[in-house]
Amino acid sequence: MTENLKKTIYLDNNATTQVAPEVVDVITAYLKDQYWNPSSMYDPAIELANKVADARASVAQSLGAAYPDEIVFTSCATESNNAAINGLHRAAIKANPNRRRVVTTKVEHPAVIEVCKRLEKDGFPVDWIGVDSNGQINTREFVRALRPGETAVVSVMHANNETGVVFPIEKLSRIVKQTDPKIAFHVDATQSVTKLPINLSRVADSDALDGAFGRVDALSFSGHKIHAPKGVGALYLRRGTAFEPWMLGGHQEKGRRAGTENVPYIMGLAKALELERDHIAENYVKMAALRDKLQRGIEERVPYVVVNGKNSPRTPNTLNVAVYGAEGEAILVLMASRGVCISSGSACTSGSLEPSHVLTAMNVPAGALQGNFRFSLSRFTTEEEIDRALDAFVDVVAITRKTSSKWDDDKGVPID
């Protein structure tokens, strides 16, 4: 069993990542010896509370946040997204009943889309912004949707979980604040934290994608995407941002998120960010080179394939390809049988037979919607793994096309 696991090529890191060994060591130490409740008043608990404060400061430093208390620890990015949108929206309505509208995009993660659908169902207007064929946001449509005095919250992801396409948060946040400074701007950064630069204190007037997030009011991310465990995440809330807590019941996190702190995992999250903090540029170059090698190999060796988001800025670790004349499920099964783990779109919707909402919004042709595949790398991915995965993918696509009703094997072309 151990030998088989070693042979597995894991290229589904946008779904989850392996926990870094250093993070495991930190978590284990706190599970064994530091079991106190940090809200208690005896000395060991107070000492533990101080260590949580140190971890909060470390996370703030990693994100360029101005103050440690701007970091709220949560259970995951889904909770952070729910808390941010609901909490900011309720606070806006409390201050001004006319400020009810929400603006988001059609390609967000379900943890944002479903929250906005619920708000819409409850009678609050939601503006859904489209994207072009490259997966890039329609800026003109975005600008038109902003309504001074009416828009409460804007929620836009930094990087798409399926395609890796990066949105110009610096530009969008500047547009929002110039339109109406009271509109709260929330960013789901689940797929970009540690992969792209993010500095929540720096303000820039250029449109360069350099992480100047000084106009962002709230930002969400999750531990299990950055080599920390599942079950811990964080929500950044800029000081002075009006927010109504979503989880009630205790005074923890300065009243913004009730519940006893998950100390071992909080310490693990801080350690994971610390490990990445000084190596973002180095890891970017490594992952981008491997991603590009895989992309070139697929384009050269697999006919009738399209790279989704190819002409937009992308995270360095993500490659999404649409293969014409392919049976998506069969390819995933065969790749898994060869020890290569990839996915078809988002991990949260991979059990669905519905075509990807992201690729649908990008107007990917129907003939390719059922044959889209996501390869997502990490800093642990090796060149040998990329070579093996490429060979397997080329072989598996050829095998499945021979029996596919969408492919004419004699002519070597897809069937409309």
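Predicted model: local features only at pLDDT ≥ 70, side-chain atom pairs only at ≥ 80, totals over all residues.
Two strands are taken to pair if DSSP finds at least two bridges between them. Val 305 belongs to strand E9, which spans residues 305-307, and 3 bridges join E9 to strand E10 (residues 318-323), the two running antiparallel.

These strands are part of an open sheet of 3 strands, ordered E9-E10-E12 and paired in antiparallel fashion. Strand E9 and strand E12 (372-376) are the edge strands, each of them pairing on one side only. On average, and with direction ignored, neighbouring strands of this sheet are turned by 25 degrees against each other. In general, the strands of a sheet pair through backbone hydrogen bonds, either parallel or antiparallel.

Two helices lie across this sheet. Helix H9 (residues 280-301) lies across E9, E10 and E12, running at about 10 degrees to E10, while helix H13 (residues 383-402) lies across E10 and E12 and runs at about 20 degrees to E10. The length of H13 can be checked against expectation: at 1.5 Å a residue, its 20 residues should span 28 Å, and because the end C-alpha atoms are 29 Å apart, the two values agree. Among the buried residues of H13 are Ile 386, Ala 389, Leu 390, Phe 393, Val 397 and Arg 401. In an α-helix there are 3.6 residues a turn, so residues three or four places apart point the same way.

With ring centres required to lie within 6.5 Å, the count comes to 5 aromatic pairs. One of them joins Tyr 35 and Trp 36, whose ring centres are 4.4 Å apart and whose planes stand at 35 degrees, so the pair is tilted. Tyr 35 counts as exposed because its relative accessibility is 57%, whereas Trp 36, at 25%, is partly exposed. Phe 373 and Phe 393 form an edge-to-face pair, 5.6 Å centre to centre with 75 degrees between the planes. This pair links distant parts of the chain, since Phe 373 lies in strand E12 and Phe 393 in helix H13, 20 residues apart. Phe 373 is buried, with a relative accessible area of 0%, and Phe 393 also counts as buried, at 0% relative accessibility. Elsewhere, Tyr 35, Trp 36 and Tyr 42 form one aromatic cluster.

Charged groups also meet aromatic rings. The charged end of Arg 401, one of the buried residues of H13, sits over the ring of Trp 407, 3.9 Å from its centre; that of Arg 239 sits over the ring of Tyr 67, 3.7 Å from its centre.

How values were computed
Residues numbered from 1 in each chain as written. Heavy atoms only, no water. Helix = DSSP H or I, 4+ residues; strand = E, 2+ residues; numbered from the N terminus. Axes fitted to C-alpha atoms, helices over the stretch in contact; angles between N-to-C directions. Contact = heavy atoms within 4.5 Å. Expected span 1.5 Å × (residues − 1). Buried < 20%, exposed > 50% of the residue type's maximum accessible area, 1.4 Å probe, protein only. Phe/Tyr/Trp six-rings, centres within 6.5 Å; stacked < 30°, edge-to-face > 60°. Lys NZ or Arg CZ within 6 Å of the ring centre and 35° of its normal.
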